[in-house]
Amino acid sequence: MKVLIVGSGGREHAIAWSVAKSPKVDKIYCAPGNAGISEYAECVDISAMEFEKLADFAEQHKVDLTIIGMDDPLVGGIVDVFEERGLKVFGPRKNAAILEGSKAFSKDLMKKYNIPTAAYENFDNAEEALAYLRTQAGFPIVLKADGLALGKGVLICNTLEEAEAGVQQIMEDKKFGSAGNTMVVEEFMTGREVSVLSFVDGKTIKTMTSAQDHKRAQDGDQGLNTGGMGTFSPSPFYTKEVDEFCRKYIYQPTVDAMAEEGRPFKGIIFFGLMLTEDGPKVLEYNARFGDPEAQVVLPRMKNDIVEVMEACVDGTLDQIDLQFEENAAVCVVLASEGYPVQYEKGIPIYGLENFKDKEGFYCFHAGTKLQDNQIVTNGGRVLGVTAKGADLKEARKNAYEAVKWIDFSNKYMRHDIGKAIDEVE
């Protein structure tokens, strides 16, 4: 088979690594790709949002399966473009990707189908949002830009003043662009956060192993929200009881709700969960693999990823026995100092060769490029250093050992990824 992967980050590198292991595949393309992905794939200089060009490429090169890694092209309708041309593509259509593309849509869906989530109100008028916050809201409260905002369009406001400033940022200053035309005001939930990724074929859902991301830039969950500074898998807080509850009241009901709405979902549904005192609730849905969740979940997956993805496209997922290793993985993101605000790019990276042939150690490239035969930094999140271990503590120890193998002059990371696992003794 020939496979085309659309995207350029650490998630797409993890997908490319997984696809390369499949005995069914002999050629991988990635558009636009990055320096790490080029080890497995031929990188193609077409942007993820150039749908017609990508479809042309898939036709000309007789690509058998295209995998869409990123949210923007999915929400923009890339799958529809490919399907109209009779091309096999993995990911939800535009009318299903709205599950991630509009937080207001997903909140209304959960309300309609009784899927547990935080209480909320949607606003497309700043004055009305302010009036609600001044008269009816309890604090802390959460403000969310409705559309895609690189994982950064969520503000937690402890006071009315902070909330007023948040409305200004999202709806009036348009800090997140048109994503802020509509805003969700949501009750603040407390508890453990857990991410559960799943494969879906429109009717059947198969969940993957659990994971937990660390969104804040600095140690101790301080600083600004980022795209994710590190992950661990599995989550010790995701117990058998939690899993049973979520299967019954969240996972299958979500798939059934989308089908009922005439928006059958095929691809990946990412469930962002909050384990509250009142039971698990949905924080958010994503319509693709998480980044950096993919970097800890995929190395633990036993199945051939291409087989599973084809089953999702063909509607035969019920025939797949999805299996994961009985171990753990931790990913520590090496970022550029100053991320997520301002940072330098183009800095040489040293030590990547240290990962060659090291069983259970991976270095997934997020923001890198090849410049004059040297791999250099090309983003805020640069690398995701992942290690496996018999348990979470060993995996964390291995990951923090492995980050020492890499060097670039403005290397920055959190030192407490997976610290929560110490509380589970």
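Trainee: Does D291 count as buried or exposed?
Mentor: This is a predicted model, to start with. In it, D291 counts as buried, because its relative accessibility is 12% and the cut-off for buried is under 20%.

Trainee: Where is D291 found?
Mentor: In the loop between β16 (279–286) and α10 (293–297).

Trainee: Which side chain does D291 join in a polar contact?
Mentor: That of Q295. The polar contact between the two side chains is 2.9 Å.

Trainee: And what is D291 in contact with, leaving aside neighbours within four places in sequence?
Mentor: G9, G10, R11, G227 and R381.

Trainee: New topic. Which residues of helix α5 are buried?
Mentor: Helix α5 spans residues 94–101. Its buried residues are A96, A97, L99, E100 and G101.

Trainee: What covers them?
Mentor: The cover includes three helices, α3 (71–76), α6 (103–112) and α9 (240–260). It also includes β15 (266–276) and β16.

Trainee: Now the largest nonpolar core. Which residues touch the most other members?
Mentor: Y251 and L273. That core has 50 residues. α9 gives the most to this core, with seven residues.

Trainee: What does L273 touch, not counting residues up to four places away in sequence?
Mentor: Among them are V194, V196, C246, I250, Y251, V282 and L283. L273 also touches R192, E193, Y238 and K281.

Trainee: What about a second core?
Mentor: There is a separate one of 43 residues. It includes I37, F289, V297 and V333.

Methods:
Residues numbered from 1 in each chain as written. Predicted model: local features only at pLDDT ≥ 70, side-chain atom pairs only at ≥ 80, totals over all residues. Heavy atoms only, no water. Helix = DSSP H or I, 4+ residues; strand = E, 2+ residues; numbered from the N terminus. Buried < 20%, exposed > 50% of the residue type's maximum accessible area, 1.4 Å probe, protein only. Polar contact = N/O pair within 3.5 Å; in protein donor to acceptor, adjacent residues only side chain to side chain. Contact = heavy atoms within 4.5 Å. Core = buried A, V, L, I, M, F, W, Y, C linked by side-chain atoms within 4.5 Å.
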